[in-house]
Amino acid sequence: MASRSKARQKLLKDIGIKFIVSLSDVREKRVIKKDCQHLVIENAVLKARDVAKRFGSGIVVAADTVVLVGKKIIGKPRSIKDAFRTLKLLSRKPQWVYTGIAVIDIDKGKEYTDFDRTKVYMYHLSDEEIKNYFRRVSPLDKAGSFDIQGFGSVFIDRIEGCFYNVVGLPMAKLSKILKRTGISVF
């Protein structure tokens, strides 16, 4: 698994996938050249390739998640002040969460990619609610500055699409890719 995301690691553990974590040194791109789906897939592929070159065999899974509001990409915040502005913005208009997946089967020399997108509608948040949230949860390692699977869940009015995509790893799509490599969840 080419990710330091605890949420992604937990999702893999929850379905019984045994893995080791090997972090990528790739700097994620944040400029949309074609569209958001290509950006997150490209980032996931770069991460997977970076990690795959360290191993002689096995399967490498990588992912990249961004939040898109209008034409603006929201990644992980750089500071608490940045996270505050981000959460304020996201609570005022719907956003799209994109996750790109890349899986490399080193033994077969094959790469598999896919992506998912989910529309998220949040309740309007007050400054005090955001500050209280930051007292409980660090937003600095979360795209969009919130965690839908934890305390951030109380901000969510509704979603259209895959919940696990918002967490950072669309599990059904990943499962289909893993099956193509010979790894079956069931």
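Contact is taken here to mean heavy atoms within 4.5 Å. The structure is a predicted model, in which local features need pLDDT of at least 70 and side-chain atom pairs count only at pLDDT 80 or more, whereas totals for chains, interfaces and linings use all residues. Residues are numbered from 1 along each chain as its sequence is written, and side-chain values use heavy atoms, with hydrogens and water left out.

With neighbours within four places in sequence set aside, Leu-174 is in contact with Leu-12, Val-61, Ile-101, Val-103 and Leu-169. Leu-174 is also among the residues with the most contacts inside the largest nonpolar core, together with Leu-87, Val-103, Met-122, Phe-146 and Leu-169. A nonpolar core is a set of buried Ala, Val, Leu, Ile, Met, Phe, Trp, Tyr and Cys residues joined through side-chain atoms within 4.5 Å; buried means under 20% relative accessible area, exposed over 50%, and partly exposed in between (1.4 Å probe, protein chains only). This largest core has 36 residues. Elements that give two or more residues to this core include α1 (6-14), β1 (59-69), β3 (95-105) and α6 (171-180), where helices (H or I, at least four residues) and strands (E, at least two) are DSSP runs numbered from the N terminus. A second, separate core of 20 residues includes Ala-44, Val-45, Ala-62 and Val-66.

In helix α6, the buried residues are Met-171, Leu-174, Ile-177 and Leu-178. These residues lie on the same side of α6, because they cover an arc of only 120° around the axis, the arc being that of the directions from the helix axis to the C-beta atoms. An α-helix has 3.6 residues a turn, so residues three or four places apart point the same way. The buried residues of α6 pack against α1, β1, β3, β4 and α5, while Ala-172, Lys-176, Lys-179 and Arg-180 are exposed on the other side. Gly-182, which follows α6, has a positive phi near 100°.

Gln-95 is found in strand β3 and counts as buried because its relative accessibility is 0%. Its C-alpha atom is separated by 5.7 Å from that of Lys-119, 24 residues apart along the chain. Beyond its neighbours within four places in sequence, the contacts of Gln-95 include Val-67, Leu-90, Met-122 and Phe-146. The side chain of Gln-95 makes polar contacts (pairs of N or O atoms within 3.5 Å; within protein, one must be able to donate a hydrogen and the other to accept it, and residues adjacent in sequence count only if both atoms are side-chain atoms). These involve the backbone oxygen of Leu-90 at 3.3 Å and that of Lys-93 at 3.2 Å.
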